[in-house]
Amino acid sequence: MYDNLLDASIDAFVHAMEREGFQGIRVVVAETGWPTACGEAAGVDNALTYNDNVVRRAVNGVGTPKRPKEEMEVYMFDLFDENERGGDEYQKHFGIFSLAGVKLYDLRFSSN
């Protein structure tokens, strides 16, 4: 049973790799985050909720339903908003900090 899209995406990838004969591969989430502005469901509250859940799961060694208690290496996207980034406007707003260096929300990188 899945209660979040991150777990479902990771386990779908693991399942596909196993079907291709690659057993026991270690998964690293190279980039995940949530925009704070300019998109559907974008906002500081949603960004904090999503990113806080990702951090807590990584820090506490919570795995996925397919691989419970397996530690995940996760890289958050992004530390700062990016005004020069191309693409849709929301892509410029994944930072924990604004362009001016002001903290947009209180994301904690600990298990507390």
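The structure is a predicted model, in which local features need pLDDT of at least 70 and side-chain atom pairs count only at pLDDT 80 or more, whereas totals for chains, interfaces and linings use all residues. Residues are numbered from 1 along each chain as its sequence is written, and side-chain values rest on heavy atoms, with hydrogens and water left out.

The overall layout comes before the details. The chain has 2 helices and 2 strands, which follow one another along the sequence in the pattern α-β-α-β. These elements are DSSP runs numbered from the N terminus, with helices (H or I) of at least four residues and strands (E) of at least two. Taken along the principal axes, the C-alpha atoms fill a box of roughly 45 × 35 × 20 Å. Of the 112 residues, 29% count as buried; buried means under 20% relative accessible area, exposed means over 50%, and partly exposed is in between, with a 1.4 Å probe and protein chains only. The chain exposes about 7300 Å², of which carbon and sulfur atoms supply 53%. Accessible areas come from the Shrake-Rupley method with a 1.4 Å probe, and for residues only the protein chains shown count as cover. Among contacts (heavy atoms within 4.5 Å) between residues at least 6 apart in sequence, 48% join residues at least 24 apart.

A search of the whole structure finds 4 aromatic pairs. Rings of Phe, Tyr and Trp (its six-membered ring) pair if their centres lie within 6.5 Å; planes under 30 degrees apart count as stacked, over 60 as edge-to-face and the rest as tilted. One of the pairs is that of Phe77 and Phe94, whose ring centres are 5.3 Å apart and whose planes stand at 55°, so this pair is tilted. The pair links distant parts of the chain, with Phe77 and Phe94 both in the segment after strand E2 (73-76) and 17 residues apart. Phe77 is buried because its relative accessible area is 13%, and Phe94 counts as buried at 13% relative accessibility. Tyr90 and Phe94 form another tilted pair, 6.2 Å centre to centre with 55° between the planes. Tyr90 is partly exposed, with a relative accessible area of 28%. Phe77, Tyr90 and Phe94 form one aromatic cluster.

Ser98 is also found in the segment after E2. Its relative accessible area of 15% means that Ser98 is buried. Leaving aside residues up to four places away in sequence, Ser98 touches Phe80, Asp81 and Leu104.

Grid points are joined across faces, edges and corners, and a volume is the space filled by probe spheres set on the points.

The structure holds 1 cavity of 30 Å³ or more.

The largest pocket holds about 320 Å³ of space. Its lining is made up of 15 residues, with Asn4, Leu6, Tyr50, Asn53 and Val54 nearest its centre. Helix H1 (5-19), strand E1 (28-32) and helix H2 (44-59) each supply at least two of the lining residues, and H2 gives the most, with 5 residues. By class, the lining of this pocket divides into 7 nonpolar, 5 polar and 3 charged residues.

Ile25 lies in the loop between H1 and E1 and counts as partly exposed at 22% relative accessibility. Ile25 touches Phe13, Met17 and Arg67, not counting residues up to four places away in sequence. Ile25 and Val14 are 11 residues apart in sequence, and their C-alpha atoms are 7.7 Å apart. Val59 has its place in helix H2 and, at 42% relative accessibility, counts as partly exposed. Between Val59 and Ser110, 51 residues apart in sequence, the C-alpha to C-alpha distance is 6.5 Å.

Conventions
1 Å grid on protein atoms, 1.4 Å probe; cavity = no way out; pocket = protein on both sides within 12 Å on 5 of 7 lines; lining within 4 Å. Nonpolar A, V, L, I, M, F, W, Y, C, P; charged D, E, K, R; others polar.
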